[in-house]
Amino acid sequence: MDKKVTEMIRNNQRWARKRLKYNPTYFTDMAQGQTPDTLWIGCSDSRVPAETLTGNHPGQLFVHRNIANMVIHTDLNCMSVVQYAVEALKVKDIIVCGHSHCGGIKAAADKETRGLISNWLMHIQDLYTRHQTLLNSLSEEHRLEVVTRLNVAEQIWNLGRSSIVQDAWARGQDLTISGLVYNIEDGHLLEEGVEARSAEELEVNYRNYIARLLTLTDQDLEQEVLDRANKDKQASDEDESEAKPHNDLDYY
Ligand SMILES: [Zn+2]
């Protein structure tokens, strides 16, 4: 067998043994069924594993991933996942998570033809075209960052306007959809202001968010990085002052 696969199986056996050591009924409990309260729609990028970076364990997140975390109404795969999550699992949250250094966002910018995948990336190319005045005013690095945010907002908009989510809201189901961006450089998940709990809230929040993005400058984006670094420093000082021994199941 391939060396990598052999290693993965060995790691898996070690992981399963460790789980059983902490909880002898871990797997038999898991076999009873799943009740995740969140659907995560993220990018397929190997650096953005949903459970690891949100401190969740198996059974806690229902996950769909594709290139550039898109919600396209004609994508039967994604829409089936959304339908099952909303109607069968009755998740309370759906998160769309984009990330920095996304290959899909970068590839859409250069307009090179790449066969089948170019069709998928066209959805992002539309964003470049629609917002070119803002994007042309920004540096290359910030342009990619803003397209990543625009893309998350766009996917929240698509998700919120899908018949599945619209029907859930219409029948009064408790369902919040919100956007995040994972910053690979510092490991932070950043909230994007496109949260919605109803069709009305979606309209208002999406439009306000896009309007706010359209005013961003290079200076604003640099300031955001500084503010984040300061907050991070403060939080890490607080962590040290309340340091406690960690359980290795918290880190897998
Ligand atoms: Zn990506």
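Analyst: A nonpolar core here is a set of buried Ala, Val, Leu, Ile, Met, Phe, Trp, Tyr and Cys residues joined through C-beta atoms within 7 Å. A residue is buried if 20 or more other C-beta atoms lie within 10 Å of its own, exposed if 12 or fewer, and partly exposed in between, with C-beta atoms placed from the backbone. The model is predicted: local features need pLDDT of at least 70, side-chain atom pairs count only at pLDDT 80 or more, and totals for chains, interfaces and linings use all residues. Residues are numbered from 1 along each chain as its sequence is written.

By that definition, the largest nonpolar core has 48 residues, and L39, A85, I94, V96, A153, I156 and L159 have the most contacts inside it. Helix 8 is the biggest contributor to this core, giving 8 residues. Helices (H or I, at least four residues) and strands (E, at least two) are DSSP runs, numbered from the N terminus. Contact between two residues means that their C-beta atoms, placed from the backbone, lie within 7 Å. Leaving out residues up to four places away in sequence, V96 touches I41, N69, V71, V152, Q155, I156, L159 and G179.

Next comes helix 9 (residues 163-170), whose buried residues are V165, A168 and W169. These residues lie on the same side of helix 9 because they cover an arc of only 95° around the axis, the arc being that of the directions from the helix axis to the C-beta atoms. S163 and A170, on the other side of helix 9, are exposed. The buried residues of helix 9 pack against helix 4 (76-88), helix 8 (140-161), strand 4 and helix 10 (199-213). Just after helix 9, G172 takes a positive phi of about 85°.

Strand 4, one of those packing partners, covers residues 176-183 and pairs in the antiparallel sense with strand 5 (residues 188-196) over 6 bridges. Pairing requires that DSSP finds at least two bridges between two strands. N183 has H188 in strand 5 as its bridge partner. The hairpin of these two strands has 4 residues between them, and G187 there takes a positive phi near 75°.

There is also an annotated site. An unreviewed UniProt entry places the feature "binding site" at C43, D45, H99 and C102; UniProt positions are given in the numbering used here, feature names are shortened, and annotations may be inferred rather than shown by experiment. The four positions are spread over 60 residues of sequence, yet they cluster in space, with a largest C-alpha distance of 8.9 Å. C102 lies in the loop between strand 3 (93-99) and helix 5 (103-110). C102 is buried, with 26 other C-beta atoms within 10 Å. Not counting residues up to four places away in sequence, C102 touches C43, D45, A68 and T148. D45 sits in the loop between strand 1 (38-43) and helix 3 (50-54). D45 is partly exposed, with 19 other C-beta atoms within 10 Å.

Of its 20 residues, the number buried is 0, so helix 1 lies largely in the open. At 1.5 Å a residue, helix 1 should span 28 Å, which agrees with its end C-alpha atoms being 29 Å apart; the expected span is 1.5 Å times one less than the number of residues.
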